[in-house]
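User: I am new to this structure and would like to learn how to read it. Please take me through its features in turn.

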Amino acid sequence: MSKMLSAWFAVSSIVLLLLCAIAISYSAWLAILLGVLGVANIGWGFVIKARQNRRQGNTI
């Protein structure tokens, strides 16, 4: 995975989870939604990395 794409997933995940932490004060549903989006974003980053590694033939 390129450094720029890795940085994008890292920063966007941090922002989503930070917003989740702030939203806890306001609305439980909003906090849950942002938490799920943050975890899904992290997971999607791993999926992208695995697909690129598989395409390049890397096993690790």
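Analyst: The dialogue below goes from the overall fold to single residues. This is a predicted model, in which local features need pLDDT of at least 70 and side-chain atom pairs count only at pLDDT 80 or more, while totals for chains, interfaces and linings use all residues. Residues are numbered from 1 along each chain as its sequence is written, and side-chain values use heavy atoms, with hydrogens and water left out.

User: How many helices and strands does the protein have?

Analyst: Helices (H or I, at least four residues) and strands (E, at least two) are DSSP runs, numbered from the N terminus. Here the protein has 2 helices and 0 strands. Its radius of gyration is 14 Å, well over the 10 Å that the globule rule gives for 60 residues, so the protein is more spread out than a compact globule. That radius is taken over C-alpha atoms, and the rule is 2.2 Å times the number of residues to the power 0.38. The C-alpha trace spans about 45 × 20 × 10 Å along its principal axes.

User: What share of the residues is buried?

Analyst: A residue is buried under 20% relative accessible area, exposed over 50%, and partly exposed in between (1.4 Å probe, protein chains only). In this protein, 23% of the 60 residues are buried.

User: Which residues make up the largest nonpolar core?

Analyst: In soluble globular proteins, nonpolar side chains tend to be buried together. A nonpolar core is a set of buried Ala, Val, Leu, Ile, Met, Phe, Trp, Tyr and Cys residues joined through side-chain atoms within 4.5 Å. The largest one here has 5 residues: Leu16, Cys20, Ala23, Ala31 and Leu34. Helix 1 (3–23) and helix 2 (28–56) each give two or more residues to this core, and helix 1 supplies the largest share, 3 residues.

User: What is leucine 16 in contact with, beyond its neighbours within four places in sequence?

Analyst: Contact means heavy atoms within 4.5 Å. With those neighbours left aside, leucine 16 is in contact with Leu34, Leu37, Gly38 and Asn41. Across the protein, residues 24 or more positions apart account for 52% of the contacts with a separation of 6 or more.

User: Is serine 12 buried or exposed, and which side chain does its own side chain join in a polar contact?

Analyst: A polar contact is a pair of N or O atoms within 3.5 Å; within protein, one must be able to donate a hydrogen and the other to accept it, and residues adjacent in sequence count only if both atoms are side-chain atoms. Serine 12 lies in helix 1 and is buried, with a relative accessible area of 11%. Its side chain is joined to that of asparagine 41 by a polar contact of 2.7 Å. A polar atom of the serine 12 side chain also lies 2.8 Å from the backbone oxygen of tryptophan 8.

User: Where is serine 27 placed?

Analyst: Serine 27 sits in the loop between helix 1 and helix 2 and is partly exposed, at 26% relative accessible area. A polar atom of its side chain lies 3.4 Å from the backbone nitrogen of tryptophan 29.

User: Where does UniProt place the feature "transmembrane region"?

Analyst: UniProt positions are given in the numbering used here, feature names are shortened, and annotations may be inferred rather than shown by experiment. The unreviewed UniProt entry places this feature at residues 30–48. Over that stretch the chain is 100% helix and 0% strand, with the end C-alpha atoms 27 Å apart.
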